[in-house]
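Morning, everyone. I have one structure for you today. Please take a look before I start.

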Amino acid sequence: MFAKPKLPCKGRAMRVLVVHNAYQHKGGEDTVMEAEVALLRSRGHTVEMFTRHNDAIASMSKLSAAVNTVWSGNVAAEFEGTLRAFQPDVVHVHNTFPLISPAIYWVAARLQVPVLQTLHNFRLMCPQAMLLRNGKVCEDCLGKLPWRGAARGCYRGSVLQSTVLAGMVTVHRAMGTWQNKVTRYIALNEFCRGKFIEGGLPAERIAIKPNFVDFQPPAPAERQGFLFVGRLSSEKGVDVLVNAQRQVKGSALRVAGTGPDASLLDKVPGLNAMGALQMEQVRQEMGAAIALVLPSIWYENFPRTLVEALGCGLPVIASRIGALAELVKDGETGLLFEPGNAEDLAHKMRWALANPQAMAAMGRNARKQYEAEFTAERNYQQLMTIYESAIAEVKDRISA
């Protein structure tokens with residue numbers, strides 16, 4: 001028999017089963033998951049991993065990959081074995097797409113184990129996961145059946161793959177998976193929580209917990225030039241960044257990252273393309289820049305680089321879009337500009353160069369915001385509160 005949920009949890013070590021389908025190219029979700037696991041283990045909790053990796057798709061037929069995206073019976077059976085053997089207090093899911101599938105939610109619910117899912121993107125309501133199409137925000141599928149995303153081939157330009165994703169969302173919406181089988185969702189900020197509610201997720205089950213970073217800030221250094229850190233791709237607004245840099249005379253811009261838009265960096269005056277850097281190198285760069293530039297054109301859920309910048313006392317110049325407008329306090333911890341508008345970004349960059357003392361004050365405010373909202377300890381307390389709430393809800397349901 002599977003043990004019933006145990007209460008109280010406060011003050012005792014918990015057993016946490018973390019579920020994650022890792023991406024082909026390691027990204028922010030993978031890093032956030034790893035940081036959270038390390039945080040739990042550092043506090044004495046026992047964490048076991050249930051994972052898959054996208055590389056396994058190469059050995060599967062297209063039909064098998066499609067079927068498993070919607071419902072993977074084999075994975076569900078293995079997951080049940082892991083649940084019975086490990087006997088977790090909670091299951092914490094980060095990503096089930098494409099190899100794990102939402103079938104695991106049904107297994108956990110049948111065995112009366114609380115399940116949480118961190119919502120790192122908008123996959124449950126948008127096949128493309130970013131609410132972005134042709135370089136502009138698109139909410140056509142929000143709160144509706146995602147047939148438009150399928151017909152338009154929004155996922156990787158493939159109608160077939162988009163249809164599989166839309167089918168997965170539709171099937172599990174009809175089955176009540178999202179409504180009834182997930183005990184708690186974790187949104188990364190208030191803006192995203194609102195979008196998930198618009199998309200049909202139950203508001204009362206969505207808690208907010210941001211990403212966090214845990215490191216010693218770099219030693220103070222002379223701050224010069226602007227910094228961009230991230231994937232060089234269209235949704236990150238690389239073209240906006242480059243066009244703004246061309247307009248700011250005397251501006252120095254360092255770019256850390258690689259990606260399909262890397263060629264846009266060629267022969268841009270004052271731009272130093274550094275390629276991919278190690279995390280420690282990135283933080284050293286953050287300690288020596290005037291500001292981090294975040295010109296994204298989509299609803300970034302919670303870029304880890306933003307929290308790292310705040311931790312380094314680095315102001316952020318960001319697009320006034322989605323959660324960025326919530327996370328960057330305009331005139332206090334950074335500057336906001338109109339998304340996609342290179343002229344407006346160039347204007348903010350000129351202002352930053354002309355007002356070093358004001359930028360330094362914003363940097364001090366940025367560090368204060370990090371210490372108040374985004375430390376490991378603060379995040380740990382938030383996570384424990386959410387775990388305890390989910391466990392209590394399942395226990396009450398069993399007792400009723």
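I'll go through a sheet, a helix lying across strands, and then a pair of helices. Keep in mind that this is a predicted model.

Sheet first. In what order do the six strands sit? The order is E11-E10-E9-E12-E13-E14. The sheet is open, and the pairing is parallel. At the edges are E11, residues 271–275, and E14, residues 334–337. Each of those two pairs on one side only. From one strand to the next, the twist averages 20 degrees.

E13 covers residues 316–319, and four bridges join E13 to E14. These two strands run parallel.

Next, helix H9, residues 238–247. H9 lies across E9, E10, E11, E12 and E14. Against E10, which spans 253–256, H9 runs at about 160 degrees.

Last, the helix pair. H10 is residues 279–286, and H11 is residues 304–311. They pack at an angle of about 55 degrees, and their axes are 9 Å apart. That angle makes H10 oblique to H11. The crossing of H10 past H11 is right-handed.

Which residues make the contact? From H10, we have Met279, Val282, Arg283 and Met286. From H11, we have Arg304, Thr305, Glu308 and Ala309. Sort the H10–H11 contact by class, and you get four nonpolar residues, three charged and one polar.

That's my tour. Over to you.

Note on methods. Residues are numbered from 1 along each chain as its sequence is written. This is a predicted model: local features need pLDDT of at least 70, side-chain atom pairs count only at pLDDT 80 or more; totals for chains, interfaces and linings use all residues. Side-chain values use heavy atoms; hydrogens and water are left out. Axes are lines fitted to C-alpha atoms, for helices over the stretch in contact, and angles run from 0 to 180 degrees between N-to-C directions. Angles under 35 degrees count as roughly parallel, over 145 as roughly antiparallel, 65 to 115 as roughly perpendicular and the rest as oblique. A crossing is left-handed if the near helix is turned anticlockwise from the far one by less than a right angle, and right-handed if clockwise. Contact means heavy atoms within 4.5 Å. Ala, Val, Leu, Ile, Met, Phe, Trp, Tyr, Cys and Pro count as nonpolar, Asp, Glu, Lys and Arg as charged, and the others, Gly among them, as polar. Two strands pair if DSSP finds at least two bridges between them.
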